[in-house]
Structure formats: C-alpha cells, structure tokens
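Subject: Model handover

Hello,

Here is the model for your files. My notes follow below it.

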Amino acid sequence: MYELVLRVDAGDEASAEQVERQVKALYKDLRAFGRYNVARKEKPAPEGSMASAGYEIGALVVSGVLSAAGLKALGNVLVAYVQRSKARSVEWEFEGNKGSFRALSAKDQNRLVDVVAARIAAGAGGGEGDGTGTGGEPGGGDGGAPDRTAGRD
C-alpha cells in the first residue's frame, strides 16, 4: 500500500485555524470520493515531551492501492477543491517526488500520475504494491489457472 501526502497551501497570511478549516473541507471531499483511505498526517511529539504524537497542520495522508485512473480522478477532486476554496494550492509528495495542484493544473496532475505509475510498475521492492495483492507473483490473483494455461508461470 502506498501513501501520498497532501499539504494545503493557504498562503503566508493564513492563520492555523484557517488552514485547518481548509484541510477539514478537503478531508471531507476526499472521504466522499471514497476510493482511498484518508487520514491526518501525524508528527512525533517533541523530544523530551510527555505528550503523545500530534498532527501536522495542513497535511493529509491518502493511502491505498494507487492506480493511474484513480490518481486522475483524485487529481480532479483536488483541482475542484482548489478552484472553489481559498487555498492557493494543494502540494503533493510521493516518495521524494513533489508537485502541486492549482486551478487547472493538468501538468502537475499528469506528473503525479506518471510518478506513481512508474513506482508501481517498478514493483516497490518485491511487487507488494502492484495492485494484484499477490506480491508480484504471476498466477496468484485468481488461482493461477489462466497464467499456467498461457505459459506465464
């Protein structure tokens, strides 16, 4: 399962409360989309603190089996959110790659899809995230009969 981090950029003048309102609206949109798991991004408590972990202001984590089609749809949700909200952009981060969604940002939407699709195709260290649930093994997803019949085992 992969994780995509989203951060709402509300501008330098926005207060923490304004950013949190925008994050809650985006969270609601992503939950309504229903394709992926959505959660607040946790951050560790300060060293030496007795407090438990907290949440990073303005950040969400989207997780699940990411696909090119699903990411295009997710991109549409993010662009629609930016167009109707006061957020300047929604920045994304996936395994060291970064970009942002602004109103009508097809270029960044395509970059996100390309980056994640390439990572999935690479097999992510043993094929765990190839979307088949088989760890990348041929014939494991449906009992294997079609792969054996086709000579792919």
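Where does Arg 102 lie? Arg 102 sits in the loop between strand S5 (97-101) and helix H3 (106-122). Helices (H or I, at least four residues) and strands (E, at least two) are DSSP runs, numbered from the N terminus. Arg 102 is partly exposed, at 45% relative accessibility. The cut-offs: buried is under 20% relative accessible area, exposed is over 50%, and partly exposed is in between (1.4 Å probe, protein chains only). Arg 88 is 14 residues from Arg 102 in sequence, and 6.8 Å away in space, C-alpha to C-alpha.

Ground rules. This is a predicted model, where local features need pLDDT of at least 70, side-chain atom pairs count only at pLDDT 80 or more, and totals for chains, interfaces and linings use all residues. Residues are numbered from 1 along each chain as its sequence is written, and side-chain values use heavy atoms, with hydrogens and water left out.

Confidence. pLDDT is the predictor's confidence in each residue, from 0 to 100. The protein chain averages 74, and 71% of the residues score at least 70. Among its elements, H1 has the highest mean pLDDT (90) and helix H4 (residues 145-149) the lowest (43). The pLDDT is below 50 over residues 125-153. Where pLDDT is low, the predicted coordinates should not be read in detail.

Helix packing. H1 and H2 pack at an angle of about 145°, with their axes 11 Å apart. Axes are lines fitted to C-alpha atoms, for helices over the stretch in contact, and angles run from 0 to 180 degrees between N-to-C directions. Residues making the contact include Gln 22, Leu 26 and Leu 30 of H1, and Leu 74 and Tyr 81 of H2.

Gln 22 lies in helix H1 (residues 16-33). Gln 22 is buried, with a relative accessible area of 12%. Beyond its neighbours within four places in sequence, Gln 22 is in contact (heavy atoms within 4.5 Å) with Val 8, Ala 10, Tyr 81, Lys 86 and Ala 87.

Core. The largest nonpolar core has 31 residues, of which Leu 4, Leu 30 and Leu 71 touch the most other members. Such a core is a set of buried Ala, Val, Leu, Ile, Met, Phe, Trp, Tyr and Cys residues joined through side-chain atoms within 4.5 Å. H2 gives the most to this core, with seven residues. Leaving aside neighbours within four places in sequence, Leu 71 is in contact with Leu 4, Tyr 36, Leu 66, Leu 112, Val 113 and Val 116.

Best wishes
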